[in-house]
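The sequence and structure come first.

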Amino acid sequence: MIRSKKIKDSARGEDCSLRLIGTCNNNSETTILAHIGRDRGTAIKCNDTFAIYACSACHDAIDGRASYDSLANPNIQEDLLRALEETQSKLIDKGLLYAK
């Protein structure tokens, strides 16, 4: 299991990479590292490498604590993949994710 305080802390002040239409609060002060892998749930988290930068509103939507407009966001899986690619690119740029 990959756990990294540096990766978790890297979300601080970042823009939301998910940006769900009609949901995203566009507030970088609320951005956290949100796990999106299959092995997640209450008190269960996938690797920190399967996570995205998400504002509090988008995080609540993907975790099921709040609803989101599925008509405005019909391709949520594509949105999650795009967000993962954006987040991982930022982690690479920050030197927190790299290949040996």
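## Cysteines

The sulfur of Cys58 lies 3.7 Å from the closest cysteine sulfur, in Cys55, which is too far for a bond; a disulfide is a pair of cysteine sulfur atoms within 2.5 Å. A search of the whole structure finds zero disulfides. Cys24 is also in no disulfide, and its nearest cysteine sulfur, that of Cys55, is 3.7 Å away.

This is a predicted model, in which local features need pLDDT of at least 70 and side-chain atom pairs count only at pLDDT 80 or more, while totals for chains, interfaces and linings use all residues. Residues are numbered from 1 along each chain as its sequence is written, and side-chain values use heavy atoms, with hydrogens and water left out.

Cys58 is buried, with a relative accessible area of 0%. Cys24 counts as buried at 17% relative accessibility. Buried means under 20% relative accessible area, exposed means over 50%, and partly exposed is in between (1.4 Å probe, protein chains only).

## Nonpolar cores

A nonpolar core is a set of buried Ala, Val, Leu, Ile, Met, Phe, Trp, Tyr and Cys residues joined through side-chain atoms within 4.5 Å. The largest core has 17 residues, of which Leu18, Leu20, Ile52, Cys58, Ile62 and Leu80 touch the most other members. S2, H2 and H3 each supply at least two residues of this core. Apart from it lies another core, of seven residues, including Ala11, Leu33, Ala51 and Leu97.

Which residues does Leu18 contact, leaving aside its neighbours within four places in sequence? They are Ile52, Tyr53, Cys58, Ile62, Asp79, Leu80, Arg82 and Ala83, where contact means heavy atoms within 4.5 Å.

## Helix H3

Helices (H or I, at least four residues) and strands (E, at least two) are DSSP runs, numbered from the N terminus. Helix H3 has 18 residues (76-93), which at 1.5 Å a residue should span 26 Å; its end C-alpha atoms are 26 Å apart, which agrees. The expected span is 1.5 Å times one less than the number of residues.

Ile76, Asp79, Leu80, Ala83, Leu84, Thr87 and Leu91 are the buried residues of H3. They cover an arc of only 135 degrees around the axis, which puts them on the same side of H3; the arc is that of the directions from the helix axis to the C-beta atoms. These buried residues pack against helix H1 (5-9), strand S2 (51-54) and helix H2 (56-62). On the other side of H3, Glu78 and Asp93 are exposed. Just after H3, Gly95 takes a positive phi of about 75 degrees.

## Salt bridges

The structure holds 10 salt bridges, each a side-chain nitrogen of Lys or Arg within 4 Å of a carboxyl oxygen of Asp or Glu. Arg19, Asp79, Arg82 and Glu86 are linked in a network of salt bridges.

In helix H1, Asp9 and Lys5 are likewise four residues apart, and they form a salt bridge with the closest N and O atoms 2.7 Å apart. Asp9 is partly exposed at 26% relative accessible area, whereas Lys5 is exposed at 62%.

Glu14 and Lys90 meet in a salt bridge (3.2 Å, N to O). This pair links distant parts of the chain, with Glu14 in the loop between H1 and strand S1 (32-35) and Lys90 in helix H3, 76 residues apart. Glu14 counts as buried at 17% relative accessibility, and Lys90 as partly exposed at 25%.
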